[in-house]
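Me: I'm new to reading protein structures. Could you walk me through one?

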Amino acid sequence: MIEFKNVTKTYNSVSRGRPVAALTDINLKIEDGETVFFVGPSGAGKTTMMRLITRMETPTSGSLKVNGTDLRRIRPRRIPEFRSQFGVEFQDCKLFPKYNVYENVAFAMRVLGMPNRIIKERVPRVLAAMNIQHRAKHFPDQLSGGEKQRAALARALVNNPKILIADEPTAGLDPKMSKDVLDLLVSLGSSTKHKRTVIIITHEQALASAYGKRMIRFENGRIAEDTGRAQE
Amino acid sequence: MRKYSLPYLLGRSFKGFSRNGFMSFASVLILTSCLLISGCFGLLIYNLYVNLNELDELNEIVCICRYDDFTEAEHKALYDRISSLENVEEVQFTPRAEALEKMREKYAEHPQVLERFAEDNNPFPDVYTIRYSGSEAQATDLLFTLRNDKKFPEFKSVEDRIETANTLEKLKNTVLWIFIGFLLVLVFISVVIIMNTVRMAINSRSDEVEVMRYIGATGWFISFPFIFETFFTGLISALIAFGAQILIYDKTMQVISSDISVSGLISFVPFSQVWYVVLLSFVGVALLTCYIGSKISLYKHIKV
Ligand SMILES: Nc1ncnc2c1ncn2[C@@H]1O[C@H](COP(=O)(O)OP(=O)(O)O)[C@@H](O)[C@H]1O
Ligand SMILES: [Mg+2]
């Protein structure tokens, strides 16, 4: 469970020379296994939400708990372990240009010190599940936008995360491909095998609303609307 | 506990080193220069020390006889009188003929010099060399006795090295401190260069670092390649500096030993006697510098 209580996040912006309020007084509960869309215009604070949940940033005030861990109290040496329960797909994919698709995905396992034997067995499986196995030996700049997204998604999924977060996975994709990627993400959340929480961040509210899932709309760092837990 | 294979980690470090080509090259250049300057200075000082220590012992008093024609009996009596003085450890009599002989042997291969020391024209006096023990005050007492014309009219002059010994001691200390200060400045420069190189490496790979943090990499896993990259830099610099040091030392020795007027005064420690100290210090200083520089940079620029 992810639980925000009166969370405010202010950045000390070097460029603007004064603190920037990214999020103000956020109260929010996300249950295990929920699929949630974060929507809202650019600059509304959606990425900041993701950075707070993964403890890349700490709240300026308020309390934030993720699966029982109080993120304002967590000891630095426990943070890597904490983060390994997430799978994150980034706005601009952030695939390593010098690695091919296989190595990009394998890297996420190497970071956690997984033995080669398991890497060799699991990476092809995840690539196949993302339907990108035929691109395993290709480098990121040889891939189309949709393929990049799927490769990045494979990397996010390879460690079998409890919480999957995708930040603008449809950025730069045409409507058809956007829909495919969102379908894929939503299906990952509906899998009955793992009770996985999926958070999809997008500024394309129209696309998101088609799924009938919970939707939280951000505006100027505040929650403007929360459709509440979807009826399953 | 997460386990990583060493070849994997080293491979990552090496990739980083080669990717960061220009900056790695620049830091190798600067590190090499710093090591080489310190090496030359250090070896210079070491040779200075060795030469100073090779100077005749400093707790000696040299008594020069007034006349060249004392009889053997007179010498025997004088020797016994000196030996019986307090704090005298050892008395050595050097007849003028022997002193001349030594000189002729030393310059046997240099006829121009030999001319000045012809057999029938001995410029040396008879000399008593006294080695003493005890405090400076006791040494002064002994000197006072020997210089007393009533007690030892046989001596024209009595020379001590107490002053010289003190001066040399001061000189050695001063030079050593200058060296240490110098070394610190050079190490500081190297650390700053390494810090900067690592900072640039971190910046150029900020995406990679960010992704690793998100995935749950430990600080150690993220830092390791950066630290080892600088170790490559350090190791390469140390080896280059060592090679250059051999050449410089050799050349200097050649130049000096080809000049007789200098080579008679200065003795050089052969490089074969010090090479491992030089190599170990270069590698040690380089690695330490790199470790400190990269640690500071990582601490400043990578968050958990
Ligand atoms: N590292 C940062 N330093 C300073 N300001 C930031 C930083 N990250 C985000 N912001 C600011 O916080 C606000 C919210 O940003 P963000 O969470 O990225 O919004 P979104 O993802 O919804 O576009 C914006 O005004 C942005 O400029
Ligand atoms: Mg964003």
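Reply: Let's look at the ligand site and then at the sheet. Heads up: this is a predicted model, where local features need pLDDT of at least 70, side-chain atom pairs count only at pLDDT 80 or more, and totals for chains, interfaces and linings use all residues. Residues are numbered from 1 along each chain as its sequence is written, chains are lettered from A and ligands numbered from 1 in the order in which they are written, and side-chain values use heavy atoms, leaving out hydrogens and water.

Me: Which residues are around ligand 1?

Reply: A residue counts if one of its heavy atoms lies within 4 Å of the ligand. Here the shell includes Tyr11(A), Arg16(A), Gly43(A), Lys46(A) and Thr48(A). Helix α1 (residues 46-53) of chain A gives the most, three residues; helices (H or I, at least four residues) and strands (E, at least two) are DSSP runs, numbered from the N terminus.

Me: What is 2.5 Å from an oxygen atom of ligand 1?

Reply: An N or O atom in the side chain of Thr48(A).

Me: In what order do the six strands of the open sheet come?

Reply: Strands pair if DSSP finds at least two bridges between them. In chain A the order is β6-β7-β8-β3-β9-β10, with mixed pairing. β6 (86-89) and β10 (222-226) of chain A are at the edges with a single partner strand each, so one side of each has no neighbour in the sheet.

Me: How many bridges link β7 and β8 of chain A?

Reply: Five, in the parallel sense. Ile163(A), for one, stands opposite Thr197(A) in β8(A).

Definitions and conventions. A polar contact is a pair of N or O atoms within 3.5 Å; within protein, one must be able to donate a hydrogen and the other to accept it, and residues adjacent in sequence count only if both atoms are side-chain atoms.
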